[in-house]
Amino acid sequence: MSRAFTPEQQAAIDQREGPMLLSANAGSGKTSVLVERLVAAMLEDGIPPAQLLAITFTDKAAGELRSRVRARLAALGERAAARDVERARALGPVTAYPDY
């Protein structure tokens, strides 16, 4: 079951064209918004998991995001999509920035 989102959170979920930076305080629902946005991109927009990019800053956050996307897809009865998320190649978190 999906949680209730604020109008700002719902706008972030619904706007799926182009890149997005999601920044907010701890516990404000950022991961839930990202999960719903990624799931909608897969199910509504038909984008394969291997073509989606979500950047996190820790391995723990990346694992949590992947786990929650799989769980959400499974809860929606989309078991094949959940398996595809597991098989999609994962990039590590951003750990360094180029020196320009």
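Mentor: Start with helix 1 and helix 2: their crossing is right-handed. Keep in mind that this is a predicted model.

Trainee: What angle do helix 1 and helix 2 pack at?

Mentor: About 35 degrees. Their axes are 8 Å apart, and helix 1 covers residues 7-14.

Trainee: Which residues of helix 1 and helix 2 meet?

Mentor: Helix 1 brings Q9, A12 and I13. Helix 2 answers with V33, E36 and R37. By class, that contact divides into three nonpolar, one polar and two charged residues.

Trainee: Let me zoom out. How many helices and strands are in the protein chain?

Mentor: Four helices, zero strands. From the N terminus on, the order of elements is α-α-α-α.

Trainee: And what share of the 100 residues is buried?

Mentor: Buried residues make up 26%.

Trainee: What about contacts with a separation of 6 or more: how much comes from residues 24 or more positions apart?

Mentor: Those account for 56% of such contacts in the protein chain.

Trainee: Back to packing. How do the axes of helix 2 and helix 3 cross?

Mentor: At roughly 55 degrees, and the axes come within 9 Å. That angle makes helix 2 oblique to helix 3. Helix 2 is residues 30-43, and helix 3 is residues 59-75.

Trainee: Is that crossing left-handed or right-handed?

Mentor: Right-handed for helix 2 and helix 3.

Trainee: Which residues in helix 2 and helix 3 meet there?

Mentor: On helix 2, T31, S32, L34, V35, E36, L38, V39, M42 and L43. On helix 3, L65, R68, V69, R72 and L73. The class count for this contact is nine nonpolar, two polar and three charged residues.

Trainee: New topic: T56. Where is its place?

Mentor: In the loop between helix 2 and helix 3.

Trainee: Does T56 count as buried or exposed?

Mentor: Buried, because its relative accessibility is 13%, and the cut-off for buried is under 20%.

Trainee: What does the side chain of T56 reach?

Mentor: The backbone oxygen of T58, at 3.1 Å. A polar atom of the T56 side chain also lies 3.4 Å from the backbone nitrogen of A62.

Key: Residues are numbered from 1 along each chain as its sequence is written. This is a predicted model: local features need pLDDT of at least 70, side-chain atom pairs count only at pLDDT 80 or more; totals for chains, interfaces and linings use all residues. Side-chain values use heavy atoms; hydrogens and water are left out. Axes are lines fitted to C-alpha atoms, for helices over the stretch in contact, and angles run from 0 to 180 degrees between N-to-C directions. Helices (H or I, at least four residues) and strands (E, at least two) are DSSP runs, numbered from the N terminus. Angles under 35 degrees count as roughly parallel, over 145 as roughly antiparallel, 65 to 115 as roughly perpendicular and the rest as oblique. A crossing is left-handed if the near helix is turned anticlockwise from the far one by less than a right angle, and right-handed if clockwise. Contact means heavy atoms within 4.5 Å. Ala, Val, Leu, Ile, Met, Phe, Trp, Tyr, Cys and Pro count as nonpolar, Asp, Glu, Lys and Arg as charged, and the others, Gly among them, as polar. Buried means under 20% relative accessible area, exposed over 50%, partly exposed in between (1.4 Å probe, protein chains only). A polar contact is a pair of N or O atoms within 3.5 Å; within protein, one must be able to donate a hydrogen and the other to accept it, and residues adjacent in sequence count only if both atoms are side-chain atoms.
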